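Thanks, everyone; I would like to walk you through one model this morning, starting at the ligand and then moving out to the sheet.

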Amino acid sequence: MAGRLDGKVAIITGAGTGIGEAIAHKFAREGARLMLAGLRDDPVEDVARSIRENGGEVAVCSGNVSHEQTAHDCVDKTIDHFGRLDVLVNNAGVFLEVAECQDYSVPAFDVTVLNNVRSVFLMTKFALPHLQRTRGVVLSAGSESGHMGEGNNAPYGGTKGFVHAFMKGVAFEQGKYGVRANCVCPGPIDTAWTHKETGPMDEQMEQMTVAGTVLGRRGTPEEMANVYAFLASDEASYVTGALWYADGGTTIAKGGPGRQVPSTIAEQPQPTLPLEHSHDGLRNKQAKNRLH
Ligand SMILES: NC(=O)c1ccc[n+]([C@@H]2O[C@H](COP(=O)([O-])OP(=O)(O)OC[C@H]3O[C@@H](n4cnc5c(N)ncnc54)[C@H](O)[C@@H]3O)[C@@H](O)[C@H]2O)c1
């Protein structure tokens with residue numbers, strides 16, 4: 001059966017773990033040939049081996065793609081190896097520290113900006129000349145937090161806000177070359193980041209993050225990979241400049257942060273205006289569809 005990505009060559013950054021590992025397997029299953037990028041200690045070679053065992057064609061570039069030379073080499077190596085580039089997936093990113101802004105460390109901020117922002121810019125910059133030849137696609141990992149902000153890791157949400165606007169700008173200017181650019185914006189996904197045992201979230205943040213979805217659970221890496229595969233394929237040929245939410249409804253959920261607020265702070269201010277009809281708006285109206 002023909003794969004949706006047959007004939008395409010894709011670079012996937014951060015491909016050794018989490019969502020990136022799933023994107024790699026999904027794209028291989030859909031027929032793409034792959035360049036997998038990851039930090040030196042990441043299990044990228046493991047993922048590559050597993051894909052090869054299943055008949056996929058894959059190469060690896062190891063190193064930090066927030067470094068200019070490494071990003072450049074990664075794209076060059078892809079062209080040398082496969083002769084073309086159709087899809088860049090900027091999936092690499094970090095979620096390092098959970099702290100209110102006044103306590104957030106400057107080194108964590110700097111590393112977050114490097115890995116989540118500079119890497120996306122560099123990889124996109126170096127890939128674009130090749131993507132223009134193939135009318136290719138750039139897909140970047142956004143996040144619902146790029147839209148909503150991320151309390152207790154505000155810098156992280158800020159970097160994702162950058163990625164959202166950056167992809168829209170790229171989509172705007174590259175349309176004339178036939179290049180599409182989009183973000184996939186996950187909610188809480190079942191990777192190291194959303195478990196207190198394997199990431200910086202404490203128990204309360206972990207619970208609130210999952211409770212903040214309307215589906216009541218984390219998404220899986222494979223569910224994210226399915227979205228990336230669609231957006232990378234020709235089936236998404238009219239999708240560009242999109243923030244493609246795959247967040248279990250986080251952005252439409254009301255959430256529960258108010259439960260944390262002490263009653264002294266949550267107390268409503270005393271009225272100073274002579275309001276007598278604050279709650280009268282539904283009087284004399286049909287109420288049969290009221291839920292409570
Ligand atoms: N997990 C979530 O809940 C969630 C939610 C929204 C968005 N996202 C986004 O999805 C992406 C993947 O997240 P994940 O949960 O799979 O995390 P993960 O830590 O499992 O994967 C990220 C990978 O990127 C690698 N990486 C980081 N910086 C790099 C760099 N400069 N060069 C090369 N490799 C680098 C890491 O080593 C890691 O293997 C991230 O961009 C993240 O912001 C994740």
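Of the 29 residues around the ligand, those that come nearest are Gly14, Gly18, Gly93, Ala141 and Thr191, where a residue is near a molecule if its C-beta atom, placed from the backbone, lies within 6 Å of it. Two or more residues of this shell come from each of helix H1 (18-29), strand E2 (33-38) and helix H4 (106-134), with helices (H or I, at least four residues) and strands (E, at least two) being DSSP runs numbered from the N terminus. H1 gives the most to the shell, three residues.

Before I go on, please keep in mind that this is a predicted model, in which local features need pLDDT of at least 70 and side-chain atom pairs count only at pLDDT 80 or more, while totals for chains, interfaces and linings use all residues. Residues are numbered from 1 along each chain as its sequence is written.

Turning to the sheet, seven strands form an open, parallel arrangement in the order E3-E2-E1-E4-E5-E6-E7, two strands being paired if DSSP finds at least two bridges between them. Strand E3 (58-62) and strand E7 (243-246) are the edges, each pairing on one side only. Within the sheet, strand E5 (residues 137-141) and strand E6 (residues 180-186) run parallel and are joined by five bridges, and Val138 has Ala181 in E6 as its bridge partner.

Finally, Leu39 sits in the loop between E2 and helix H2 (44-53), and its C-alpha atom is separated by 8.4 Å from that of Gly16, 23 residues apart along the chain.
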